[in-house]
Amino acid sequence: MRTQFCDAMVARAVNPKMVFFTGDLGFMALERLQTAMCSRFINAGVAEQNMISVSAAMAREGFEAWAYSIAPFCYARPFEQIRNDVCFHNLPVKLVGNGGGYGYGVMGPTHHAIEDYGVLLAFSNMTVFVPIFDEDLYRVVEIMGNLNGPAYLRLGRGESPQGRDIPSYSPWRQLTSGNGMVVIAVGPLAGSYLASCLMLSVEARPNLWALAELPLSRNGLPVELLRQIVEGPGVCVAEEHVARGGFGAELALHLAERGIHPARYRHLHARSHQYERYGSQSYLRAQSGLDTKALLSAIFAD
Amino acid sequence: MKLSIDTLRAARKRLLRMHFESGVGHIGGNLSALDAMLLLFHEFVGGEDRFILSKGHSAGALYVSLWSMGILDEAELELFHKDGTRLAGHPPASGIAEIPFATGSLGHGLSLAAGTALARRMSSHPGHTYCMTSDGEWQEGSTWEALIFLSHHRLSNLTVLIDHNRLQGFGFTDNIASMSRLDERLRGFDIDVLCVPGHDLDAIRAALLRPRDREDQRPRFLILETVKGHGVSFMENKMEWHYLPLDEAKYLQAVAELDRVL
């Protein structure tokens, strides 16, 4: 998604009040943005705490400030700077974390970001974007850039289905229809499930929904999705994020408060940082029970 | 307008009364910071400028400075640290234009000041940015991140004042994690460092006004050699006045001493 992110940012860079900070990252990805923005593209060095506070101050002075790094260096290292300097003042700083979830795979646990949006959504006014497909980036950057409050973009690896049109960007998109369970997948996981879901019979096929914005209160449940939850055989939420603070917990509370009790409720989520062996993103998804095989097991289990 | 001794005396006494009536500590570091803060607000910080108090535990001195300027009124100070106040123990996040950021967790203000100065330079804004840090705060890694950044970007529209009272939360800085000599360490970052007697208004004023070469783009740092609890004999250089509230007898003694000193 970095290429598409860069394209979208280059298009937006005509705004003279836009400034972009990177924590010394972006090789082979952001050079065109650097060229387009000239002195407004600032490498803040390996100093993420300072980068976030400087971004907050620039936003306070009327700039559209973006701050980019590998995901955990963007939200975990400068946690207090996001909390105090950005969120306490509701400043429109745009945080961009590359390689969300297990995106950095075999690079090891320091580079994984599997509690990012749960942590950030604890702050008032924070909006999170988890695009599904590469094609989403232009619209996501546009929406995020125009937001008048703090926001976080979790960049992952888009998994667009072969030979199939991508539905245009929306916070909620139904990707498959059938008589099976409702599956809500957050971010690119939705794309990874699509081909397998399409191979199932209509009777067994889940209603696969892709969710790209959080928190739930920002967009609410679509009417059709709510109907499927109420009338269908159950709900499965899948996210490359730990259970605590994840969307699975948020949706369960949302439904419980409204007296809605799905026939079944399954939650597939990132397990933890406690692995002794590492591998690719696909490997770590499988270890967490987030791959397609695990999804099919979950929705067809009694 | 030039800061007068009468104004300084009134502000010190108001600060003491505010802390006495609210039963709040942190008075030592407020007294070390107050003189320079008052001077800044009365003679240097104009409507185009920004002041960021990084040592947020000296909020009392900031509130009294704003009161002294007529920006906060008496009723506001009466509510200091009480239920429903805008004036919390550390600067609030909103509601007072002259306080741009909530500070109190140390190590944030210098980066915020650097970002403000950079934004204003990029906007060709004429305003100057002032920031006051504590000395213990220089143990925070983020403060050094900010120093590297503001030096690299040659933020000459930024002036930093360090309240160098040599005492921190649980002892003398030199006995805990010494940064002595702080001026020498800072000069290694290619900034303009001046050491100034921190309770000598003429000396602080002269340092702030000191001319520089046209080509000199270095940010200016004033290391204010101050005394924690300045002006009150039983508080001066005593760590416990980082925390202790004043009882009535101590308050009256402190006020009497200030009257004698000024």
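Me: Leaving aside neighbours within four places in sequence, which residues is Val183(A) in contact with?
Reply: The model is predicted. In it, Val183(A) is in contact with Tyr193(A), Pro206(A), Asn207(A), Leu208(A), Trp209(A), Cys236(A), Ala238(A), Leu295(A) and Ile299(A). Contact here requires C-beta atoms within 7 Å. Val183(A) is also listed, with Ala67(A) and Ala114(B), among the residues with the most contacts inside the largest nonpolar core, which has 157 residues.

Me: Which element gives the largest share of this core?
Reply: Helix H2 of chain B, residues 27-44, contributes 10 residues.

Me: Why is this core said to lie between domain 1 and domain 2 of chain A?
Reply: Both domain 1 (2-155) and domain 2 (172-300) give residues to the core, so it lies between them.

Me: What makes strands S2 and S10 of chain A stand at the edges?
Reply: The open sheet of 7 strands in chain A has the order S2-S1-S3-S4-S6-S5-S10, with mixed pairing. S2 (41-43) and S10 (213-214) each have a single partner strand, so one side of each is left without a neighbour in the sheet.

Me: How do you know that S1 and S3 of chain A are paired?
Reply: Pairing needs at least two bridges. Strand S1 (residues 18-22) and strand S3 (residues 64-70) of chain A are joined by 5 and run parallel, so they meet the condition. Val19(A) stands opposite Ala65(A) in S3(A).

Me: Which residues make the contact between H1(B) and H2(B)?
Reply: Those from H1(B) include Leu8(B) and Leu15(B), and those from H2(B) include Leu34(B) and Leu38(B). The two axes come within 11 Å and cross at roughly 140°.

Note on methods
Residues are numbered from 1 along each chain as its sequence is written. Chains are lettered from A and ligands numbered from 1 in the order in which they are written. This is a predicted model: local features need pLDDT of at least 70, side-chain atom pairs count only at pLDDT 80 or more; totals for chains, interfaces and linings use all residues. Helices (H or I, at least four residues) and strands (E, at least two) are DSSP runs, numbered from the N terminus. A nonpolar core is a set of buried Ala, Val, Leu, Ile, Met, Phe, Trp, Tyr and Cys residues joined through C-beta atoms within 7 Å. A residue is buried if 20 or more other C-beta atoms lie within 10 Å of its own, exposed if 12 or fewer, and partly exposed in between; C-beta atoms are placed from the backbone. Domain bounds come from an automatic or database domain assignment. Two residues are in contact if their C-beta atoms, placed from the backbone, lie within 7 Å. Axes are lines fitted to C-alpha atoms, for helices over the stretch in contact, and angles run from 0 to 180 degrees between N-to-C directions.
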